[in-house]
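Here are a few backbone notes to go through before you set anything up. Have the model open as you read.

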Amino acid sequence: MNWLSFLLAGVLVYVAVAVFLVGTVFRVYYWLKVPRSSIRLGIFPQANSQRGRFLQWARDTFLFLQVLDVDRPMWLFVILLHIGGLAAFVGHLRLIQEFTPLATALGKEGMGQFSLISGGIVGIVLLVSVIYLLSRRFKSPYRDLSTPEDYFLLILIFMVLLMGNHLRFFGHVEVEAYRAYVHSLLTFSPEFPVELAESGTRWVLVTHVTLSNLLLIYLPFSKLVHYIGTYAVNLVRSEAR
Amino acid sequence: MNKTELKTITGVLEQGMNRQLLYYLDVCTRCSICKDACHQYVSTGDVLFLPAYRAELIRRVYKKYFTRSGLFLPSLYEARESDDRLLDELYRSTYACTGCRRCMYYCPFSIDTTWVLGVAKAMLIAAGKGAQILTELAGAAVSKGENIDLFKDIMLDLNKETEKELQSLIGDSKATIPIEKEGADILYAALAGVHSILPPSVIFHKAGLNWTLSLFESANYGYFLGDVEKGRIIAKRIVDEAKRLGVKEVVISECGHAYRVMQYLYETWAKEELSFGVTAMVEIIARLIEEGSIEIPSGKERKIVTYHDPCQVGRNAGFYEEPRYVLNQVASNLRELNPSREKNWCCGGGGGLVAQPEFDEFRIKTGERKAEQIKQTRAGLVVSPCENCRLQITALNEKYDMGVKVTGLSDVVANQLIGRDIATSFEAGQTEEPEDED
């Protein structure tokens with residue numbers, strides 16, 4: 001690893017994860033520090049039982065079906081973006097530990113095929129969703145409401161996805177090499193295996209990782225803090241009885 | 001804007017800060033899903049009325065003065081100095097809001113825009129820019145509370161007239177409208193004007209309730225103004241009266257926000273627990289019918305009747321079934337608006353808009369959805385248990401040529417009880433109370 005890769009795809013990864021975790025805790029702490037108003041702000045109809053309230057909360061938080069009445073395309077792309085994000089996260093776990101039962105069932109080649117297709121679809125779906133959200137912001141009235149933060153975040157995510165997709169479709173580097181890199185991170189001795197170090201793909205990877213780090217660092221301090229805030233805020237919705 | 005003014009405004013935000021507000025300021029992604037939820041944005045296309053933008057104005061001040069990222073990178077958030085132009089924008093977008101909270105229903109994060117605008121109103125008031133008419137009306141209500149002895153005799157005289165009306169309506173020369181009756185079970189807080197006193201009087205009399213009429217009107221302009229202190233004092237007049245008379249239950253007239261103030265806001269505003277129950281008029285009518293205290297004579301209205309869910313009665317208080325249950329007792333052809341219930345469009349007159357002539361044109365324009373919705377039902381009678389809604393729909397009726405009559409729930413029930421056409425008005429030949437109300 002040269003010094004720049006070591007800095008961006010090594011040291012910065014630790015910094016990013018640390019800032020993300022500490023930042024998240026800090027945000028929660030900051031919220032809890034402020035006294036809550038005892039006024040019940042919920043809206044009706046409301047569930048009568050605890051179980052009903054929980055189900056309502058889960059529906060509001062994860063499905064927000066009421067949006068279908070007012071903006072169907074937005075609902076679709078938002079759902080795709082979030083499911084895609086979750087799928088991408090799960091997919092990346094393969095770089096820590098191979099999904100052995102699946103790999104055994106499909107065989108080495110089959111697993112590669114499966115990964116290419118499923119990961120490829122997720123990558124494209126995510127990219128399309130982000131392009132939709134971004135292009136929407138250039139139109140009025142969205143443009144009048146948008147702040148630079150909105151564009152910055154979308155472009156950042158767009159770049160991360162672009163680099164990720166490049167690695168998948170044009171990288172010509174086997175999964176084992178990426179896994180070796182991730183393992184080196186996990187053992188606090190960041191290193192690229194020879195296969196990666198000698199490939200031009202290395203720079204795409206470094207960019208992908210660097211931008212992801214930036215995103216991770218900014219996440220708790222941005223409007224995307226809803227990754228944690230949505231659970232609390234949707235609970236307020238059912239507070240009225 | 002000078003430093004003192006700035007301090008006033010940031011001070012309001014600091015003092016008014018609470019966890020719910022902080023959530024709302026932090027999690028909004030400006031996705032704009034709320035844009036099609038707001039009747040004002042839909043009718044005008046003006047971003048100033050887009051719910052997320054209304055809250056965004058406050059958010060930009062918050063980012064500028066209260067967050068580190070806003071301090072270091074103000075341009076990233078368009079974090080704003082709080083200048084006079086901001087205050088003008090705030091005024092226009094904040095006082096125009098009817099507080100219907102339809103945007104909260106559609107928001108994936110359930111952001112309550114009115115909660116954020118509460119701070120905006122407090123800022124405007126602190127900067128001496130509170131809505132003028134609302135300030136005057138709230139001031140008058142506060143002063144009435146302080147000088148009730150001056151008003152009492154006139155009110156008692158007027159009540160004698162109203163009592164005579166009641167007696168002739170129900171054919172009982174001994175019927176009374178009690179005022180200041182100690183030991184009554186129920187204190188009824190009406191709106192000023194006999195139209196809000198007579199129909200409930202008929203119902204309570206027929207049900208044989210032990211009730212008394214409040215000296216104070218239930219409407220609360222302090223709430224519309226966004227002045228919590230005035231709002232508290234105005235509501236406290238009724239609370240004190242209820243405590244003095246020892247009633248078990250305070251019934252709030254067909255007035256959406258008055259119920260919200262008493263049921264949801266007062267205890268926090270005043271830091272005291274209410275010693276009596278708070279009941280909405282729609283609730284008690286349904287209860288009286290259900291328990292058989294009043295019997296609705298047969299002979300239902302056959303013409304098409306529609307029901308408009310007032311935002312403060314439906315979405316913000318949960319009374320969806322009660323009014324429909326009652327209406328189905330008196331009318332055989334109840335037709336729903338589309339959409340209705342929690343998805344119902346705001347009439348466009350709430351939030352004190354009908355009391356402010358500066359919004360006259362605006363509320364007629366932004367009521368076009370409501371007019372269209374009502375026309376689609378082909379109803380001849382619109383029932384809505386909220387004074388703001390009724391005044392607004394009456395105005396819309398004229399402008400959009402809807403050809404409907406607009407009335408309240410207690411009106412149709414009282415009419416049915418005394419054998420009149422359910423659409424008959426309770427206003428005719430009546431004397432008004434001396435102050436201007438709703």
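Helices here are DSSP runs of H or I with at least four residues, strands are DSSP runs of E with at least two, and both are numbered from the N terminus. This is a predicted model, where local features need pLDDT of at least 70, side-chain atom pairs count only at pLDDT 80 or more, and totals for chains, interfaces and linings use all residues. Residues are numbered from 1 along each chain as its sequence is written, and chains are lettered from A and ligands numbered from 1 in the order in which they are written.

1. Start with chain A: the loop between α1 (3-33) and α2 (50-62) holds A:P45.

2. You'll find B:P339 in the loop between β6 (334-336) and α18 (360-365) of chain B.

3. A bit of background for these points: most peptide bonds are trans, and most residues other than glycine have a negative phi.

4. B:K271 isn't a glycine, yet its phi is positive, near 50°. The residue sits in the chain B loop between α15 (256-270) and β4 (277-280). Is B:K271 buried or exposed? With 8 other C-beta atoms within 10 Å, B:K271 is exposed. (Exposed means 12 or fewer other C-beta atoms within 10 Å of the residue's own, buried means 20 or more, and partly exposed is in between; C-beta atoms are placed from the backbone.)

5. B:D401 is another non-glycine with a positive phi, about 55°. Look for B:D401 in the loop between α20 (387-399) and β8 (405-407) of chain B. B:D401 is exposed, with 9 other C-beta atoms within 10 Å.
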